[in-house]
Amino acid sequence: MTLLSDPPSDPQAGRGYLDLLDEAGDLAPQQNTGAIQRLWASPFGAMFYDDAQAIARRMLEAWQHPIDWLGIPAGGVALDVGCGPGSITASLARAVGADGLALGVDVSEPMLARAVRVQAGAQAAFLRADAQRLPLRDDTVDAVISIAVLQLIPDPTAALREMARVLKPGGRIALMVPTAGSASRLWKLLPKAGARVFDDDEIADTLERHGLTSVRVKNFGTIQWVRAKRH
């Protein structure tokens, strides 16, 4: 609770994760709608996404998440934004060690239900919260990771601003997003189905505007990794 910017007076954690969203009030998250969103919001989508990620990590270099590069200190706090079924959060939990904490944040109840059932442990905790308004205090996490999520968020710039805000000085961030390079301008004219792609420099430029440094970009076809540090 000490990490939260506004701890609830009546915590709702009966499903194994702390639910910080009020669907009928001011905390209702702004969300995209479309076929992709409907899939991820279903129990089948949570299972499919979990299995697809596991296969992709074994076969594709682009899906190898950079846990080692994040340099998470023993006993530190790591944040997985858009954690889905929690497999990345579990990797972060192993990295932080017995005295650390890995936090997974998502808006999808089916995704979080699967995360709690499959990945929950002493060092892993899950929050239902909006990435565009992270419920954490400034300068509270040692590392942030977000994989294949920003394209599903209505305001990815707000989400990036929030990730930069909660990152401690010296902390690192790693993001994976879809990109279409110069073709992204054409993509933006097409029906979205609840998702988008980014220009080659879009994510990096946004991180720099929010004070992050040592920004590095690496493309694997239509997948882009962006890494940065906060000094």
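Thr179 sits in the loop that links β6 (167-178) to α7 (184-187); helices (H or I, at least four residues) and strands (E, at least two) are DSSP runs, numbered from the N terminus. The model is predicted, so local features need pLDDT of at least 70 and side-chain atom pairs count only at pLDDT 80 or more, while totals for chains, interfaces and linings use all residues. Residues are numbered from 1 along each chain as its sequence is written, and side-chain values use heavy atoms, with hydrogens and water left out.

**Surroundings of Thr179**

- Thr179 counts as buried because its relative accessibility is 4%; buried means under 20% relative accessible area, exposed over 50%, and partly exposed in between (1.4 Å probe, protein chains only).
- A polar atom of the Thr179 side chain lies 2.8 Å from the backbone oxygen of Phe198.
- Leaving aside residues up to four places away in sequence, Thr179 touches Val197, Phe198, Asp199, Asp200, Asn219, Gly221, Thr222, Ile223 and Gln224, where contact means heavy atoms within 4.5 Å.

**Strand β3 and its neighbours**

- Strand β3 (residues 101-106) is mostly covered, with five of its six residues buried.
- Strand β2 (residues 77-81) runs parallel to β3 and is joined to β3 by five bridges; two strands pair if DSSP finds at least two bridges between them.
- Within this pairing, Asp80 stands opposite Gly104 in β3.
- Together with helix α4 (residues 87-96), β2 and β3 form a right-handed β-α-β unit; a crossover is right-handed if, with the strands pointing away from the viewer, the path from the first strand over the helix to the second runs clockwise.
- Five bridges also connect β3 with strand β4 (residues 124-128), and these two strands run parallel.
- Leu103 stands opposite Ala125 in β4.
- From β3 the chain passes through helix α5 (residues 109-119) to β4, in a β-α-β crossover that is right-handed.

**Aromatic rings**

- Arg172 lies over the face of Trp69, at 4.9 Å from the ring centre; a charge sits over a ring if NZ of Lys or CZ of Arg is within 6 Å of the ring centre and within 35 degrees of the ring normal.

**The chain as a whole**

- The protein chain holds eight helices and eight strands.
- Of its 231 residues, 49% count as buried.
- Among contacts between residues at least 6 apart in sequence, 66% join residues at least 24 apart.

Note on methods
A polar contact is a pair of N or O atoms within 3.5 Å; within protein, one must be able to donate a hydrogen and the other to accept it, and residues adjacent in sequence count only if both atoms are side-chain atoms.
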